[in-house]
Amino acid sequence: MLHSRYQGFSATPLQEAFKAKRQGNPILLVIIGYLTLVILGSILLYLPQSTRTPITFLDSFFTAMSAVCVTGLSVLNIGEVFTPFGDWVILILMQLGGLGIMTVSTTLILLAGMHPGFNHQSVLLSEFTQEGSIDASKILKAVLPFTFILEAAGAIVYFTQFSNLPTLYDRIFGSIFQAVSSFCNVGFTLYPDSLCKFQFNGLMNISTCILTLAGGFGFLAVTELRYLFDFKQRTVRKISLHTKIATWFTAIIVLVSILFFAFTEWHGALDGLDIGDKLLSTSFMAFSSRTAGLNTVDVPSLGAGSLFFFIIIMFIGANPGSCGGGIKTTTAAVIFLLGFNRLLGRKKTQVLGRSIPETTVDKAVRVFVVSIVVIVVATLILLKTEISGSSVESAGSFLKVLFEVVSAYSTCGLSMGLTPELSVPGRVVVCLVMFIGRMGPLFLVSAVMKKTEENMWYAEEDIMVG
């Protein structure tokens, strides 16, 4: 009787709110978290204390979006426009964006002595591992030390090489900034020409390649390779198919990139250099151009073949569960293996003595298709808003626009110089592309679509293809 008396007054709304909270889509937490961070960063970068000269709010929003989405595209000269306070804001945004919103929020919850909820843990697990039974605290205890130790080591190396900076503070901050940018695969630097002035500095090149590779390799793959050899039993542990494909495909992409870039630019952008400097430059660009966005060679000076090849490897990007973007190496590998197996007449997608589940193959195809659609639509819009003149001039600018769009979507950050020249609509489009690329197209679709089961199909009717 007491329950029925108060049921319509307070119990039902509270129950419904609690039920809705439990049934809420955890993906929305990530989207809201990233948007909140971008907006907060935009406000901080827009403050007079953050800039030496006034900037528009759109410019601060673009910079914050690029930092949080670990992209590195910029409409401003970071080193000249922003004050030390603004630089620290960008550094924090890069770090938070690289680690991921759920990683940071879960860490804060654990530090406060609380236990992360199911929504937090489910999204965190999906970012770093395939195993749904691993405790979130164990993931953080592995991810955070790995991140900070590598960034600290990188900062020490950079400190020894930044002797040209005027003050001790500039050297310390510049070293930390560059280490975070490299590991998180952001591509921001305090120099207007990225790392071109360090093109022939072997220590800088090697250190940056290690940081970008580690940040873009993925937590699961790094962990399995780290414990590959059992020193107690002196045996090699078995690793998952995911790590095998991610490792082999990454190695193939880097090797092919070195060979192709050397072939196309040996007598082009690298002409006049000795063999050692040529190999150093090609190796750095092969490691960095996939997702990190740092460059030691002037990108606009490259030939059309090199630029188009960079578009392809930027589109592929880094490994899953990493700081890098793109459709991911494993997605591209599954698409390739799907086509290869179909050519051989196989109904299953097979590799290394294993069959990849159809649900995984279906997800890879959807990621590939949606990514192509996003890039095509964004390119068409920018061709309309940014390119004017005769058809010949427009055709010559197509590669430039496509390069910028793919760089934004893959959160790479390499630029042919179009980004600072973007109009207001163009900057809004690129911001949207960066956000979609960081979240993942299927991630955003899952946030607004409900999962439905298909219980019926239409009758089949064949069509001519090929």
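1. Which residues in α10 meet which residues in α13? From α10, the residues are Gly202, Asn205, Thr208, Cys209 and Leu213, and they meet Leu280, Ser283, Phe284 and Phe287 in α13. Contact here means heavy atoms within 4.5 Å. The residues of this contact divide into 5 nonpolar, 4 polar and no charged. In this count Ala, Val, Leu, Ile, Met, Phe, Trp, Tyr, Cys and Pro are nonpolar, Asp, Glu, Lys and Arg are charged, and the others, Gly among them, are polar.

2. Basis of the model. This is a predicted model, in which local features need pLDDT of at least 70 and side-chain atom pairs count only at pLDDT 80 or more, while totals for chains, interfaces and linings use all residues. Residues are numbered from 1 along each chain as its sequence is written, and side-chain values use heavy atoms, with hydrogens and water left out.

3. Overall content. The chain has 19 helices and 4 strands; helices (H or I, at least four residues) and strands (E, at least two) are DSSP runs, numbered from the N terminus. Of its 466 residues, 49% count as buried. Buried means under 20% relative accessible area, exposed means over 50%, and partly exposed lies in between (1.4 Å probe, protein chains only). Among contacts between residues at least 6 apart in sequence, 68% join residues at least 24 apart.

4. Geometry of α10 and α13. Two packed helices are described by the angle between their axes and the distance between the axes. For helix α10 (residues 202-215) and helix α13 (residues 275-288), the angle is about 20 degrees and the axes are 9 Å apart. That makes α10 roughly parallel to α13. The axes are lines fitted to C-alpha atoms, for helices over the stretch in contact, and angles run from 0 to 180 degrees between N-to-C directions. Angles under 35 degrees count as roughly parallel, over 145 as roughly antiparallel, 65 to 115 as roughly perpendicular and the rest as oblique. The crossing of α10 and α13 is left-handed, a term used if the near helix is turned anticlockwise from the far one by less than a right angle, with right-handed used if clockwise.

5. Ser207. This residue also lies in helix α10. Ser207 is buried, with a relative accessible area of 11%. Apart from its neighbours within four places in sequence, Ser207 is in contact with Val157 and Tyr158.

6. The pair α5 and α9. Helix α5 (residues 84-99) and helix α9 (residues 168-183) cross at roughly 25 degrees, and their axes come within 9 Å. That makes α5 roughly parallel to α9. The crossing of α5 and α9 is left-handed. On the α5 side the contact includes Trp88, Ile90, Leu91 and Met94, and on the α9 side it includes Phe173, Ile176, Phe177 and Val180. The residues of this contact divide into 10 nonpolar, 2 polar and 1 charged.

7. Thr189. The loop between α9 and α10 holds Thr189. Thr189 is buried, with a relative accessible area of 8%. Phe177 is 12 residues from Thr189 in sequence, and the two are 7.6 Å apart in space, C-alpha to C-alpha. Leaving aside neighbours within four places in sequence, Thr189 is in contact with Ile78, Phe177, Gln178, Ser194, Leu195 and Leu294.

8. Side chains of opposite charge can pair when their charged atoms come close. A salt bridge is a side-chain nitrogen of Lys or Arg within 4 Å of a carboxyl oxygen of Asp or Glu, and the count comes to 2 salt bridges. In one of them, the closest N and O atoms of Asp59 and Arg427 are 2.3 Å apart. The pair links distant parts of the chain, with Asp59 in helix α3 (residues 57-68) and Arg427 in helix α18 (residues 424-439), 368 residues apart. Asp59 is buried at a relative accessible area of 10%, and Arg427 is buried at 14%.

9. Salt bridge between Asp362 and Arg366. These side chains meet at 3.0 Å, N to O. Both residues lie in helix α16 (residues 358-386), 4 residues apart, about one turn of the helix. Asp362 is partly exposed, with a relative accessible area of 39%, and Arg366 is partly exposed, with 40%.

10. Pro420. The loop between α17 (391-409) and α18 is the place of Pro420. With 43% relative accessibility, Pro420 counts as partly exposed. Pro420 and Val75 are 345 residues apart along the chain, and their C-alpha atoms are separated by 4.0 Å. Not counting residues up to four places away in sequence, Pro420 touches Ser74, Val75 and Arg427.
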